[in-house]
Amino acid sequence: AYLGPFQSGKGLNMSEKRRDNKNRILHKGESQRKDGRYCYKYVDNCGKPQFIYSCKLVPTDRAPKGMRDDISLREKEKGIQRDLEDGIDASGRKMTVCELYEKYTRVRGNVKPKTVDARNSLLRKLKGDKLGNAQISAVKPSDAKEWAVRMRGKGIAYTSISCDKRSLSAAFHMAVQDDLIRKNPFDFKLSTVIEDDREAKAPLTPELEKSLMGFIQGDSIYRKHYDEFIILLGTGLRISEFCGLTAGDIDLEGRRITIDHQLLKHTGKGYYVDKPKTQSGTREIPMGKPVYEAFRRVLENHKDTGIVIDGYGNFLFCTRRGYPKTAISFEDTFHGLKEKYNRYHEEKLPEKFTPHTLRHPYVKHKTKSFLRNSRVFKADFCAPSHSLCTEVFHFPDNINLISGVNIHTFNQCVSHGGI
């Protein structure tokens, strides 16, 4: 006799096996509802009862008319038993990708305002895409790859997609560690899915650098920025570090620049001072003669505007209104300079010409000098590629792998003018 899942079965011999409406024996925890659906009851690792349903008992069954096809109950049971044995949290598997990412950002809350903006941007993208509402247990590598293709189709740049993928991969890695899922669906190389169309960044050639500085010095509009360009080219400073320079950071007698902070501006927060971008960002930079002369002229013409931000004042580079310049202050300057310079010169400035572009010549010079002086390189390594410069400058710890020379040796050479 067929019994529903919770029917008492009065008069039933309790040794008789429970059967479905096709007279098939049901296993422990299995039952069939009045509407024909099968149910499996189990207790999860937290001791809470859970239920799963299917319109089919075994894979060979056909879905009843009017019911959506689904994997069979027995197949689902196998997956649940595997989860229980491996300690996978079945309830956590139902978490959506948006919920997972929100949880990930909560446990990593001590971040900078720009990082908060980037996180909010990614969350908005997820909420506007079907991936965001998907259960994390249902996301496969192919789903993650399709997400990347959809983002590219919406015109989002490769760099942005790469950053978002890295964030999602970190969130899913947390889910793996929490025993919510077994594998990370974002564990793949993005360039195998969408084309990496980023243009290789090449530093200004010595000839182009000399031509540019001559043009700035002789131009009636841009000559006022001459010393700023001299300093950026000769120090390799990030623009936020440059904008944060105060009179107290400059030691003309010792010809050294102290970098221990950066000046930033956020839409909601306004001006604020923060530590340098990386742990190795706190440093002293020796001045070459051109940089020394530029700072001497800047200090001679400098007047304290009285603006104090987070305890820092007497900023060297300010707007006409007396407020310290920020990265956005230089956007129009660099764009206008590029357009004007390129109109009169055959060798053009790069399409993406920003303050960061001026770091590259400094990086290449320092890397080349270090490799030449390290004695562990052959002569042909003394003309390093841009990628090698990037390895040394942006990932200084990797110099141990590249040259066999400890990073402290490299930092010491830079700090004491040995390079």
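Author: Strand 1 (residues 30–32) and strand 2 (residues 38–43) pair in the antiparallel sense over three bridges. Strands here are DSSP runs of E with at least two residues, helices are runs of H or I with at least four residues, and both are numbered from the N terminus. Two strands count as paired if DSSP finds at least two bridges between them. The model is a predicted one, in which local features need pLDDT of at least 70 and side-chain atom pairs count only at pLDDT 80 or more, while totals for chains, interfaces and linings use all residues. Residues are numbered from 1 along each chain as its sequence is written, and side-chain values use heavy atoms, with hydrogens and water left out.

The loop between strand 3 and helix 1 (73–86) contains Ser 72. Is Ser 72 buried or exposed? Its relative accessible area is 0%, so Ser 72 is buried. The term buried means under 20% relative accessible area, exposed means over 50%, and partly exposed lies in between, with a 1.4 Å probe and protein chains only. Leaving aside neighbours within four places in sequence, Ser 72 is in contact with Ser 54, Lys 56, Leu 57, Val 58 and Pro 59; contact means heavy atoms within 4.5 Å.

A further hairpin joins strand 6 to strand 7 through three residues. Strand 6 (residues 262–266) and strand 7 (residues 270–274) are paired in the antiparallel sense over five bridges, and Leu 264 has Tyr 272 of strand 7 as its bridge partner.

The aromatic rings come next. Rings of Phe, Tyr and Trp (its six-membered ring) pair if their centres lie within 6.5 Å; planes under 30 degrees apart count as stacked, over 60 as edge-to-face and the rest as tilted. By this rule there are 12 aromatic pairs. One of them is the edge-to-face pair of Phe 215 and Tyr 341, at 5.4 Å centre to centre and with 85 degrees between the planes. Phe 215 lies in helix 7 (residues 206–218) and Tyr 341 in helix 11 (residues 331–344), so the pair ties together parts that are 126 residues apart in sequence. Both Phe 215 and Tyr 341 are buried. One aromatic cluster is formed by Phe 229, Phe 242, Phe 317, Phe 330, Phe 334 and Phe 353.

Finally, the chain as a whole has 15 helices and 10 strands, and buried residues make up 41% of its 419 residues. Its average pLDDT, the predictor's confidence in each residue from 0 to 100, is 83, and 80% of the residues score at least 70.
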